[in-house]
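Visitor: I would like to learn how to read a structure like this one. Could you take me through it slowly?
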There are 2 protein chains.
Amino acid sequence: MAATGGAGRPEKRKAITQAATTVFGREGYVRASMDAIAAEAGVSKRTVYNHFTDKETLFLSVALRNSAELTERIGELMAKYLERVVELRQDLIDFAVQRARAVLSAGEHGALGRAIRAEVANIPADVLEAWLEAGPIASQRDLARHFAALAERGLLVVEDAELAAEQFTLLTFHGIAERSFWGALPVADEEVERIATAGVDAFLRIHGAASPSA
Amino acid sequence: MAATGGAGRPEKRKAITQAATTVFGREGYVRASMDAIAAEAGVSKRTVYNHFTDKETLFLSVALRNSAELTERIGELMAKYLERVVELRQDLIDFAVQRARAVLSAGEHGALGRAIRAEVANIPADVLEAWLEAGPIASQRDLARHFAALAERGLLVVEDAELAAEQFTLLTFHGIAERSFWGALPVADEEVERIATAGVDAFLRIHGAASPSA
DNA sequence: CCGGATAAACTACACCGGGTAGTTCCCGAG
DNA sequence: CTCGGGAACTACCCGGTGTAGTTTATCCGG
């Protein structure tokens with residue numbers, strides 16, 4: 001036992017998960033080798049197998065953790081930009097830009113998501129469910145809550161907050177995600193801002209309150 | 001030479017490309033083996049290498065062809081639903097539903113797109129460009145043309161037809177694509193219709209002409 | 001219209017080099 | 001004495017090649 005448990009030195013374990021995140025994100029599940037992960041962690045392969053039973057377990061473990069971390073990161077962005085709204089349109093744009101950067105920028109958080117999406121047919125249904133729940137679904141629920149609050153304050157007109165959250169994500173994020181292949185290819189900052197702005201304007205045409213000036 | 005050229009029996013070549021499409025779509029690039037493709041095609045492995053120099057060439061070849069085929073298929077759908085529009089909202093919904101089915105239904109056309117997206121970091125930039133141009137970009141341009149025509153007739157209010165086409169695709173298609181992981185997981189028909197309808201309604205809030213009744 | 005020669009294409013199968021997941025063994029350090 | 005380093009080892013699978021023999025299309029003389 002002690003396979004997936006907390007056996008071994010915690011520092012080593014941390015190094016392994018960190019390395020696995022990097023390598024899986026860079027190479028994808030199939031191409032990534034356990035040797036490469038061990039090397040990246042500065043650790044013996046023996047030690048890797050001492051902490052995680054096999055490759056799949058390691059992958060799913062880091063994927064789940066990564067998903068939760070990203071959700072938290074996005075939650076912080078929402079707290080920063082969508083809690084005390086003064087200039088709605090600009091705050092929405094800022095949030096959209098920052099989220100796109102956080103997820104897609106230079107292979108950190110989004111890379112593992114790309115690996116998951118590539119391997120989705122080979123992932124147990126319950127694990128996939130858990131990943132979705134800790135990641136995209138959780139973020140969308142958070143966003144829906146914020147939109148509901150903004151509607152309460154009369155800044156948005158929203159019947160179905162979940163639907164509004166999905167539409168916001170589609171309009172301000174998925175276009176960029178698709179263009180950059182979920183972070184695999186770089187995308188210019190100005191492009192991100194352009195798409196985010198256009199997306200927010202479209203969103204406000206759907207859910208904006210009254211006539212927002214001009 | 002004669003590697004990628006028209007050498008060999010055309011029927012065999014066809015069988016190989018068909019098999020490659022199936023296997024690459026089902027397994028992805030890395031997991032798919034040349035032996036499996038040869039077996040699926042009912043052909044000797046040597047014959048495969050007689051027609052295509054190596055695995056990568058075969059993959060890129062079928063991916064490009066597939067991309068073009070899908071674009072044509074979607075073009076037919078546009079001709080059917082967006083040319084002689086009588087009931088705009090319903091026609092847009094029908095088009096959205098049919099397109100989602102054509103792309104995502106049961107591992108045919110969309111599967112290779114998933115493989116491309118998974119492997120995007122390992123694909124030469126010019127080939128990727130060609131794939132985009134023959135596939136998503138071409139479809140989007142077609143759609144933009146149709147929207148421009150509809151705007152001409154006063155059925156839509158569109159400043160930037162390209163932008164409108166992108167927004168339509170995001171609102172009516174990408175939500176489904178993401179949910180089903182580009183066709184890897186099945187998605188209920190009613191779900192497709194629900195999302196398409198909500199997407200079209202949102203789209204018409206942005207670009208609809210006047211007040212489309214109540 | 002026919003039948004056999006000819007060459008290109010295809011099959012079947014063994015084979016090579018290389019790489020991977022996972023295990024084991026020995027040894028050293030704390 | 002426990003944990004990890006290091007490396008070798010097993011057992012496999014894959015991409016690609018070489019070869020020897022077989023099929024298939026094509027064409028030519030009768």
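Visitor: By class, how many nonpolar, polar and charged residues does the surface near DNA strand C have?

Guide: A word on the source comes before the counts. This is a predicted model, in which local features need pLDDT of at least 70 and side-chain atom pairs count only at pLDDT 80 or more, while totals for chains, interfaces and linings use all residues. Residues are numbered from 1 along each chain as its sequence is written, and chains are lettered from A and ligands numbered from 1 in the order in which they are written.

Guide: A residue is near a strand if its C-beta atom, placed from the backbone, lies within 6 Å of it. Ala, Val, Leu, Ile, Met, Phe, Trp, Tyr, Cys and Pro count as nonpolar, Asp, Glu, Lys and Arg as charged, and the others, Gly among them, as polar. Here the surface near DNA strand C has nine charged, five polar and four nonpolar residues.

Visitor: Which element gives the largest share of that surface?

Guide: Helices are DSSP runs of H or I with at least four residues, numbered from the N terminus. In this case H3(B) gives the largest share, four residues.

Visitor: How many residues of chain B are in contact with chain A?

Guide: Two residues are in contact if their C-beta atoms, placed from the backbone, lie within 7 Å. By that rule, 21 residues of chain B touch 21 residues of chain A, and the largest share of chain B's side, seven residues, belongs to H9(B).

Terms used
Helices (H or I, at least four residues) and strands (E, at least two) are DSSP runs, numbered from the N terminus.
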